[in-house]
Amino acid sequence: MYNKAMQRTISANFLWLGERLRDLFMWPINLVRDFPIRAGRLLRTFARAISAILFFVPEFLDAVRNRETFSWLRMKFGRFADWLHQLLTQLFDLFGGPEIAEFLIHFTAKTTPLSGEEIGIISRILGPQAMRYGDIRVVEGGLFDLIFRLNGNLAFATWHSINLPRTGRHTRENRGIVVHELTHVYQYERVGTRYLGEAIYMLIKTKRDCYNYGGTQGLIDACAIGRQYCHYNREQQAMITQDYYNRSEQGLAVDSYEPFIAQVRSGEL
């Protein structure tokens with residue numbers, strides 16, 4: 001019995017060390033592999049700034065002429081804040097910030113790859129090539145036990161990690177929650193770290209009331225007026241995929257979800 005316990009401990013330690021070495025090597029790997037995508041996002045953000053500067057004076061004069069100066073300035077400030085947020089997160093991504101952060105936050109936690117079943121579930125929703133499934137880790141325990149005590153055992157995603165509590169409604173056995181958090185990982189791979197700031201902003205702004213998209217009827221009404229998946233906030237997007245999965249598993253109608261799921265599959269975020 002003692003020897004078996006020691007063997008399990010040694011095995012667990014080797015697995016932990018292997019995961020930490022993997023985290024460490026992901027920084028240079030992704031720094032090179034993702035450089036074209038990350039640099040492209042940054043260049044588009046700079047191009048957006050140049051365009052705004054070129055049109056600033058004509059737009060300002062139009063606002064003064066139409067007596068809309070205050071509303072125009074408020075709109076411009078909002079766009080500048082959004083642009084600055086994108087710039088900072090894209091610089092963070094460009095220099096491998098996500099990989100460094102994950103190396104540090106995984107240090108006290110248990111991390112494991114997605115299971116074949118979990119990959120199969122999310123593949124049926126988003127597509128077999130939707131994400132780098134091998135890069136994704138499920139994080140449980142360690143420092144995160146304290147975080148989950150503070151946030152009410154609510155799961156959350158950080159870059160290529162889905163962080164799940166070991167008790168409560170958001171454990172790994174809740175496949176709908178796994179789908180929800182993997183949707184956030186998908187957002188990260190498509191738009192970068194900005195997804196995280198956008199999700200946190202809506203959580204704070206709405207006091208956590210940012211998940212409701214109106215259900216089935218809400219999607220029917222949205223489709224009728226041309227609203228698309230990309231028009232929903234990051235938490236609503238993840239909730240749509242979560243509910244699509246849950247309803248499919250329960251044998252309920254998902255017709256109203258299909259147009260939006262088709263959009264997320266094509267990367268329209």
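Contact here means heavy atoms within 4.5 Å, and in that sense helix α7 (residues 175-191) lies across strands β3 and β4 (161-163). The angle between helix α7 and β4 is about 145°, where angles run from 0 to 180 degrees between N-to-C directions. The model is predicted. It contains an open sheet of four strands, 18 salt bridges and a largest nonpolar core of 41 residues.

**Sheet**

- The strand order is β1-β2-β4-β3, and the pairing is mixed.
- β1 (110-113) and β3 (156-158) are the edge strands, each pairing on one side only.
- From one strand to the next, the twist averages 30°.
- Four bridges join β1 to β2 (residues 137-140), and this pair is antiparallel.
- Within the pairing of β1 and β2, Thr112 stands opposite Val138, and Pro113 has Arg137 as its bridge partner.
- β2 and β4 run parallel and are joined by three bridges.

**Nonpolar cores**

- In the largest nonpolar core, the residues that touch the most other members are Leu126, Met131, Ile162, Leu182, Ile240 and Tyr257.
- Helices α5 (116-126), α7, α8, α9, α10 (234-249) and α11 (258-265) each supply at least two residues of this core.
- Helix α7 gives the largest share, eight residues.
- Ile240 is in contact with Tyr213, Leu219, Tyr229, Tyr232, Tyr257 and Ile261, leaving aside neighbours within four places in sequence.
- Another core, of six residues, lies apart from the largest one; Ala39, Leu42, Ala49 and Leu87 are among its members.

**Salt bridges between helices**

- Side chains of opposite charge can pair when their charged atoms come close.
- Arg38 and Glu99 meet through their side chains in a salt bridge, at 3.0 Å from N to O.
- This pair links distant parts of the chain, with Arg38 in helix α2 (residues 35-65) and Glu99 in helix α4 (residues 97-105), 61 residues apart.
- Arg38 has a relative accessibility of 5% and therefore counts as buried, the limit being under 20%.
- Glu99, at 4% relative accessibility, also counts as buried.
- Arg38 and Glu99 belong to a network of salt bridges that also links Arg33, Asp34, Arg132 and Asp135.
- A salt bridge also forms between Glu59 and Lys76, whose closest N and O atoms are 3.0 Å apart.
- Because Glu59 lies in helix α2 and Lys76 in helix α3, this pair ties together parts that are 17 residues apart in sequence.
- Glu59 has a relative accessible area of 27% and so is partly exposed, while Lys76 has 16% and is buried.

- The side chains of Arg194 and Glu198 form a salt bridge with an N to O distance of 2.8 Å.
- Both residues lie in helix α8 (residues 194-205), where Arg194 and Glu198 are four residues apart, about one turn of the helix.
- Arg194 and Glu198 are both buried.

- Gln86 sits in helix α3 (residues 69-94).
- With a relative accessible area of 9%, Gln86 is buried.
- Not counting residues up to four places away in sequence, Gln86 touches Thr45, Arg48 and Arg194.
- Arg194, one of these contacts of Gln86, is the residue that pairs with Glu198 in a salt bridge.

**Ala224**

- Ala224 is part of helix α9 (residues 215-224).
- The relative accessible area of Ala224 is 68%, so this residue is exposed.
- Ala224 and Ile29 are 195 residues apart in sequence, and their C-alpha atoms are 44 Å apart in space.

Conventions. Residues numbered from 1 in each chain as written. Predicted model: local features only at pLDDT ≥ 70, side-chain atom pairs only at ≥ 80, totals over all residues. Heavy atoms only, no water. Pairing = 2+ DSSP bridges. Buried < 20%, exposed > 50% of the residue type's maximum accessible area, 1.4 Å probe, protein only. Salt bridge = Lys/Arg side-chain N within 4 Å of Asp/Glu carboxyl O. Core = buried A, V, L, I, M, F, W, Y, C linked by side-chain atoms within 4.5 Å.
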